[in-house]
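Dear colleague,

Please find below the structure that I am handing over to you. My notes on it follow directly after.

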Amino acid sequence: GFGGAPGDLRVPAPGDAAGLSRRPPGMARQGSGAMLASGGLGFPPQNLARVVVWEWLNEHGRWRPYSAAVCHHIENVLKEDARGSVVLGQVDVQLAPYVIDLQSMHQFRQDTGTMRPVRRNFYDPSSAPGKGIVWEWENDNNSWTPYDMDICITIQNAYEKQHPWLDLSSLGFCYLIYFSSMSQMNRQTQRKRRLRRRMDLAYPLTMGSIPKSQSWPVGASTGTPCSCPQCLLVNSTRAASNAILASQRRKLYPGAVRQSSTFAGGTLWPPGTGTPAVVAGGAAKGEGLRVAGAGFGPGQGVPSAALPGLNNLNRPGTQRGAGLGARATVPPGVPALPVKNLNGTGPVHPALAGMTGILMCAAGLPVCLTRAPKPILHPPPVSKSDIKPVPGVNGICRKTKKKQLKKSKTPEDVVRRYIQKVKNPPDEDCTICMERLVTSSGYEGVLSPRGIKPELVGKLGKCGHMYHLLCLLAMYNNGNKDGSLQCPTCKAIYGEKTGTQPPGKMEFHLIPHSLPGYTDSKTIRIVYDIPTGIQGPEHPNPGKKFTARGFPRHCYLPDNEKGRKVLKLLIVAWDRRLIFTIGTSNTTGESDTVVWNEIHHKTEFGSNLTGHGYPDPNYLDNVLAELLAQGVSEATLKD
């Protein structure tokens with residue numbers, strides 16, 4: 001899916017048949033916006049109303065939109081001072097570390113020093129942003145990520161024209177959007193994600209140019225500067241940040257295209273001063289910053305919000321930031337000042353929270369270090385004698401080998417097995433081809449199987465949904481061809497659904513430690529181990545090598561009745577090759593690698609800082625629902 005990043009978890013999508021429809025895509029790129037440069041800011045044509053969308057450039061070379069509320073905030077500041085700074089945390093608490101410098105058109109993250117170009121882009125008022133319409137895809141954390149704005153507008157245009165589906169290949173992506181099932185499918189892998197259309201605040205409208213800039217600092221209508229801690233910091237470090245930004249821009253952005261960059265591996269003080277260098281990524285190993293007396297409480301100095309809407313959609317031609325290997329030096333006129341460790345507990349950590357430390361010191365502000373909490377990923381050491389089998393579960397290990405291609409029934413036999421023929425179908429749409437059921441299938445002429453006429457209609461046995469038999473056959477041929485069928489409307493599974501998990505080993509046992517929230521129970525530890533290998537015919541790139549990062553992977557369940565039930569079902573899912581698949585990692589962006597496959601696991605033992613730990617009172621119920629969606633239910637254990 002989009003983001004593959006947030007491991008691209010893919011499931012064969014028997015509900016849709018990518019690339020087989022007889023309808024031409026016919027979707028050209030629309031509403032991509034025009035950028036008119038004028039002193040770093042974009043301006044719409046005179047006397048022509050346009051919707052303003054502020055966007056930031058991520059590390060994959062894609063412009064990601066800020067929310068409508070954030071864009072309104074930026075525009076309001078812009079009207080006051082076109083050369084000022086915008087503190088994003090004032091409108092969105094999740095963006096607390098971020099400041100936009102309107103003069104240099106960069107977003108600056110205060111806790112790491114990361115800078116990214118921003119732009120002011122324009123779209124038609126009748127397009128999705130002008131109407132407050134947001135299209136989003138469901139990421140692997142069960143939260144929703146907005147599409148890039150040009151994709152959002154294209155999806156909305158197709159939706160308004162009542163197209164049944166949309167091919168995004170014209171925008172450089174191998175994805176199909178199906179409006180009937182509100183889903184997105186990867187054409188290569190058939191991995192499917194949900195999408196949704198949401199109404200939000202409309203983006204701001206503008207016409208012509210903006211007022212001339214006023215003097216810094218920006219304040220209320222009385223001219224009084226804002227006194228919040230972040231604005232005080234921005235005010236006091238303005239001159240130093242501008243000098244450093246200008247210097248880095250000359251060094252890191254020699255070309256026309258500005259790529260995202262951080263101060264990587266560079267020495268920002270002359271050798272011999274005894275002052276630490278700044279390392280890419282800023283505050284490594286959990287070091288944070290706190291401004292003494294500036295109103296930040298302990299542990300609050302560096303809000304750890306992630307960049308908004310980050311996704312790692314693999315788009316052809318995207319590039320990583322070009323300046324990551326460049327040496328950064330202090331520009332002339334910027335003093336090299338030592339950092340003061342107010343705690344007096346030892347030397348300053350080498351990765352001093354990036355640019356914030358530099359700017360604060362340049363402004364003469366005292367700095368002290370605070371240590372951000374670290375996730376507790378693993379339990380205390382456990383001796384072999386303390387490891388026990390899980391009560392009620394046979395064995396301690398399951399292995400899977402390469403998929404054996406069985407001589408199964410033909411696709412026609414599989415489809416006929418699960419449907420009942422309908423002699424007098426109702427006059428309604430087949431939600432696969434979007435033709436009426438009383439007419440021939442949209443796949444007539446595309447598929448010509450023996451014994452299945454294009455006008456034949458069947459009803460699925462359990463759920464009763466009706467489709468052309470030819471459409472069901474096309475859907476099955478485009479899936480995993482494992483003898484199972486999944487209703488594209490209600491997702492009911494017929495037969496035993498299997499996945500594309502590569503060969504590996506699953507171990508499970510008890511350890512004598514308790515999870516947060518389950519202090520009265522021991523812990524079930526699951527260890528998955530999958531080696532690198534060669535992709536098979538069911539994978540995205542058959543014959544190509546795949547990687548397996550981060551193995552063995554340790555996961556944890558409470559040793560209670562429900563936890564043991566989840567373990568038994570996970571074993572079934574493992575045997576059916578549903579736990580992992582091969583795709584694109586949504587954390588690293590790496591393709592052809594082993595990734596999770598839509599069944600969430602808890603990999604953080606003693607905390608829940610990453611969202612993958614405990615306490616989480618709803619986790620066991622949620623994972624049972626995810627297993628059920630894959631056709632792995634409690635009834636499976638009774639068979």
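The axes of helix 9 and helix 10 (residues 619-629) cross at roughly 25° and come within 10 Å. That makes helix 9 roughly parallel to helix 10 (angles under 35 degrees count as such). Axes here are lines fitted to C-alpha atoms over the stretch in contact, with angles from 0 to 180 degrees between N-to-C directions. Helices are DSSP runs of H or I with at least four residues, strands runs of E with at least two, both numbered from the N terminus.

This is a predicted model, in which local features need pLDDT of at least 70 and side-chain atom pairs count only at pLDDT 80 or more, while totals for chains, interfaces and linings use all residues. Residues are numbered from 1 along each chain as its sequence is written, and side-chain values use heavy atoms, without hydrogens and water.

In the contact between the two helices (heavy atoms within 4.5 Å), Lys 562, Gly 563, Lys 565, Val 566, Leu 569, Leu 570 and Ala 573 of helix 9 meet Leu 620, Asp 621, Val 623, Leu 624 and Leu 627 of helix 10. Just after helix 9, Arg 577 has a positive phi of about 65°.

Elsewhere, Thr 523 belongs to strand 25 (residues 523-529) and is buried, at a relative accessible area of 0%. A polar atom of the Thr 523 side chain lies 2.5 Å from the backbone oxygen of His 513.

With kind regards

Note on methods. Buried < 20%, exposed > 50% of the residue type's maximum accessible area, 1.4 Å probe, protein only. Polar contact = N/O pair within 3.5 Å; in protein donor to acceptor, adjacent residues only side chain to side chain. Parallel < 35°, antiparallel > 145°, perpendicular 65-115°, else oblique.
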